[in-house]
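User: I am new to reading structures and would like a close look at a single part. Could you take me slowly through how the two chains meet, and then through what lies behind that meeting?

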Amino acid sequence: MKKLMALLLAAIMVFALTACGGDTPASTPAASGASTPAASESTGWVPTKDIEFVIPFGAGGGNDIMVRKMVEIIEKYKLCPVNVVPVNKKGGSGVVGYTYLKDYKAGYEYALASTSASFFTQPITGNSPFSPDTKDFSFVAHLVKDPSVICASKKWDFKTIDDIVKYAKENPGTLKWGGVGNASDDAILLYTLNTLADVQITYVPYDDQGMLTAAVLGGHIDLCSSSLAESVEHMKNGTMNTIAAIADNRLPDFPDLPTAVEQGYQLDHQQNRGIVMNPGVKDEVLAYYSGLFQKVAETEDWKTFVKENAMADAFMGYKEWTAYAEEVKEDYTTYLAMVPKD
Amino acid sequence: MNLLQNLGLGFSILADPMVILYSLIGVVCGVIIGALPGLGPSVGIAVLLPLCYGLSPACALCMLCGIYYGAMYGGSITAILINTPGDSAAIMTTLDGYPLARKGQAGKALGMACLASVIGGTISVVLFMTLAPIISNFATSFGPSEYFALMVLGLTSIAGMTGKSPAKGFLAAFLGLFVAGIGIDLVFGTPKFVFGNVNLYSGIDFVPVAMGLFGIAEIICNFENNNIKVEKDSLKLKKLLPNKEEWKRTLPHIGRGTILGFIVGMLPGAGATIASFLSYDMAKRTSKHKEEFGTGVVEGVAAPESANNAASMGAMVPMLTLGVPGSGATAIMMGALMMLGISPGPSFFLKNAEVAWGLVASMYLGNVILVLIGLGALGLFVKILNVKTTTMNALIFAFILMGAFALENSMFTVGVTLFFGIIGYFLKKLKVPAAPMVLALVLGALTETNLRQALIIDNNNFFKVLTHPISAVILVIALFLAFGTPIKNAFAKLRAKKKAA
C-alpha cells in the first residue's frame with residue numbers, strides 16, 4: 001500500500017512535469033479546421049502543412065513576445081489555413097536558432113525565423129557562419145523598428161546632446177556610456193556619436209539590461225541608450241534624465257522629447273525586426289507569407305501591440321525588405337568598423 | 001501608524017477567498033516545481049503565467065509570489081532526500097541535509113528546512129514592509145566595483161566547503177572558474193574555448209552543471225552503495241520539530257542567515273544562490289561545532305534555507321521599487337505585472353497601494369501556508385524514500401534529463417548535464433567536493449564581468465577599483481576571512497612558544 005502511495009506521488013510529479021512541458025509551442029490550439037477565407041484571395045501558393053516559426057531567443061524576450069503575438073493574431077482571424085507553431089531555439093545571440101533553420105534544405109517552405117540586431121551583427125563580427133543576405137536567407141517581411149532613448153544619470157544636468165558633447169570635449173574620457181552587448185545597437189549609437197561629434201565617451205558593455213539600469217540609477221554609469229519600454233517608468237518619474245529619442249519621428253507618448261536628428265546629430269540607427277526563411281524560396285511562396293504578415297500588420301490588435309511595446313510600425317513586403325536588408329547590412333558593417341577590436 | 005493602516009488595507013484584500021485560494025495554489029505548485037530537479041522558481045512562474053490572464057492583480061501577484069517562496073523551500077526537499085538540489089539555491093542544503101537523511105533523520109532535516117524557510121521568509125517580510133520604500137536606493141549603490149568585491153567575498157567562502165583536503169577543494173574551484181570562462185567575451189566579442197560550437201557562445205549555465213555534478217553523479221554512486229532508511233516514528237510531528245537544544249543551536253544562524261540573505265537578495269544579479277552560499281559559510285565560521293559541518297548538522301540546513309527565502313524576498317525590493325529585476329524569477333514576475341497593467345518603478349507603492357500592501361499581507365499568509373504544507377505533507381515527501389532505489393533512480397534520472405531539456409528547449413543542455421554527471425562521478429570517487437566547483441562557476445563569470453566593467457569605468461586604474469568605499473570595506477572583510485585563521489594560528493603559536501620559553 002505504501003509503495004503504491006509512493007508511486008502515486010512519483011506519478012503526480014511526472015504529470016506536473018509534463019504539464020510544465022505543455023508550456024512549449026506545441027500546445028497551440030488547432031484552428032486548422034476552420035475554412036480559409038483570407039488565403040483564398042491569393043491565387044498562388046498555399047501552405048498545406050504546419051509552419052514552424054523559429055524564435056532564435058528565449059521565451060519571454062522581446063523577440064519571443066512579438067512572434068507569439070503574430071501567431072495569436074493569425075489564429076484569431078484565421079489568416080492561415082494551417083497552424084503556425086512558434087519554436088524557441090536560443091543561444092549564441094541567435095546563431096543557434098538560425099542554425100536550426102538552416103538544417104532544413106534550401107528552398108524549404110515551412111520554416112520562418114525572426115530577426116533582431118544580432119542577425120546582422122553576429123556575422124559581421126565573425127561569430128556566425130551565415131551572412132545576413134540573399135546568399136544564406138530569403139527575406140519575407142519587415143515588421144517594426146525599435147526606437148530607443150538616450151538617458152543620463154540624475155547626477156548630471158544634461159538636457160540635450162549638445163550638453164553632453166560640450167562636457168565630453170572639456171573632459172575627455174570621463175563620461176561612461178552603458179549598453180547591452182559589445183557589438184550591439186547600443187554600442188553602435190555611442191560610437192557613431194563619438195565619430196560625429198569628435199568626442200571620447202567610453203563604452204561599458206553589460207550583459208543584462210536590469211544591471212545596466214541599476215548602474216545608471218546609482219550614477220556608476222553616466223549615460224545609456226535603452227529601448228523605450230525599459231526606460232519609460234524612469235522617464236515618467238524623473239529618476240533618469242531623458243536626452244533624445246532615437247527614432248524616425250517623435251515618440252507619441254513623449255511629444256516634447258526631440259529626436260537626435262532634430263538636435264542636429266545623425267543618430268537614427270534602430271533595431272529592425274523582420275522575418276526570414278532559407279535561401280532559394282520561390283517568389284510565389286514569399287509573396288504568400290509577405291501577404292500573410294501584411295494582413296497581421298493591418299489588424300488593430302497588432303497596432304495596439306506595437307504601440308504598447310513602444311515600437312514603430314514599419315511594414316515592408318518581401319521585395320522591399322530584401323533591398324532594405326542589404327542597406328541595413330551595409331550600415332552595420334560601417335558602424336561596427338568603429339567598434340574597437342581589442 | 002501609517003504602516004499599520006497600510007497593512008490593514010493589505011489584510012482587507014486578503015479577506016477575498018479567491019486571493020487565499022490563489023496563494024494556496026501558488027505555494028503548492030511552487031513546492032512541487034521547486035522539488036523537481038532543474039525546475040526552479042523562474043520556470044515555475046513562467047509556466048503558471050498564463051493562469052494570470054484575467055485574474056485581478058492582487059490574485060495574480062499573490063499566486064506568483066507563492067510559487068516563488070514555495071519553490072525556494074521545495075528545492076530543499078530533493079536536496080535532502082536524494083542529494084539532488086531541486087534548484088540552485090538548494091545546493092548548500094545538500095551538504096548537511098543529505099548526511100542527516102543518511103543518518104535516518106530525513107524528517108528532522110526537512111522540518112528544519114521548512115521552519116528555517118518560514119522564519120527567514122517572515123522576518124524578511126517585516127524587513128520588506130518597513131524598509132522597502134526607504135532602502136530602494138541600496139541596490140543602486142552597488143556598481144561594478146562593489147559587485148566585484150562582493151564576488152571576491154563569495155569566493156573566499158570556498159574555503160569553508162573544501163572538506164578535509166583544501167587542495168582538492170581548490171582544484172574543484174579552479175575547474176569551475178575554467179568552465180565560467182567559456183563563451184563569447186563580453187567586452188571584445190572574442191570567442192573563448194568554444195571550438196566553433198555555437199551552443200557554447202553564451203557560456204555554460206550552472207544549472208545543468210549542478211544537476212549533473214549532484215544529481216546524476218549521485219545516481220551513479222547509488223548503484224554501488226545503497227540506501228536511506230527512514231524510521232517510521234521519525235515522522236511524528238514531535239520529531240520533525242527541532243528540540244530545545246537544536247533551536248538554541250540554530251536560531252542565531254537563522255537570524256544571521258535571514259539578514260544576510262535579505263541584503264544579498266536586494267542586490268540585482270547576486271540573488272538567492274549566492275546568499276545561501278555565503279550564509280552556509282558564515283554559519284560554519286561562527287559555529288562552535290565547525291568540524292561537524294558537512295557530517296549532518298541541522299545548522300547546516302537552517303542557515304542556507306533561511307537565507308535563500310530571505311533573498312527571494314529581498315529581490316522583490318529593487319524589482320518593485322526600481323523596476324530592476326534582480327533574478328530570473330523576478331524578471332518574469334515583472335513581465336507578469338506589466339501584463340496586468342502595473343509598472344513596477346519608483347512610484348509603485350504610491351500608485352498601487354492596494355496591490356502593494358495586499359502583496360505584503362499575502363506574504364504573511366503565504367508563509368503560514370508554507371508551514372502547513374511543509375510540515376503537513378512531510379510524511380508524503382519522505383515516502384519517496386520508500387520507493388525501490390532502482391525505480392527511484394530511473395525516475396530521478398528521467399526528471400533530471402527532462403529538466404535539463406526544459407531549461408533551453410535544447411538537447412545540448414541535456415548533453416552538458418550528462419557530461420558533468422560523469423565528471424561528478426569521478427570527483428566523488430576521488431573525494432573532490434563538487435560544491436566549490438559550482439560556486440566558482442556561478443561567481444567566476446560575475447567576478448570577471450564586474451571587474452572588467454569596473455576597470456573600464458575607472459580608466460583601467462586597478463587601485464581605484466579597489467578603493468571605492470563600499471568595495472574597500474567588503475574586500476577587507478574578504479581578506480580577513482581568507483587569512484584571519486592562519487594569522488590567528490600563527491599568533492597563538494608565537495604566544496605558546498613565548499610561554500614555553
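Analyst: In this predicted model, the contact between the two chains draws 50 residues from chain A and 53 residues from chain B. On the side of chain A that touches chain B, the elements that give two or more residues are helix 1 (2–21), helix 3 (95–102), strand 7 (202–206), helix 7 (209–217) and helix 8 (228–237) of chain A. Among these, helix 1 of chain A gives the most, with twelve residues. Sorted by class, the residues on this side of chain A are 19 nonpolar, 20 polar and eleven charged.

Turning to chain A itself, its domain assignment gives domain 1 (37–146 + 271–337) and domain 2 (148–246), and the centres of these two domains, taken over C-alpha atoms, are separated by 30 Å. Where they touch, domain 1 of chain A supplies nine residues and domain 2 of chain A supplies eleven residues. On the domain 1 side of that contact, helix 4 (117–124) and helix 11 (318–337) of chain A each supply at least two residues.

The largest nonpolar core has 273 residues, of which Val140(A), Ile80(B) and Val438(B) touch the most other members. Its largest share, 19 residues, comes from helix 4 (residues 57–82) of chain B, while domain 1 and domain 2 of chain A each give the core at least three residues. Looking at Val140(A) and leaving aside its neighbours within four places in sequence, one finds contacts that include Leu112(A), Ile275(A), Leu286(A), Phe293(A) and Tyr318(A).

Conventions: Residues numbered from 1 in each chain as written. Chains lettered and ligands numbered in written order. Predicted model: local features only at pLDDT ≥ 70, side-chain atom pairs only at ≥ 80, totals over all residues. Contact = placed C-beta atoms within 7 Å. Helix = DSSP H or I, 4+ residues; strand = E, 2+ residues; numbered from the N terminus. Nonpolar A, V, L, I, M, F, W, Y, C, P; charged D, E, K, R; others polar. Domains from an automatic or database assignment. Core = buried A, V, L, I, M, F, W, Y, C linked by C-beta atoms within 7 Å. Buried ≥ 20, exposed ≤ 12 C-beta atoms within 10 Å, placed from the backbone.
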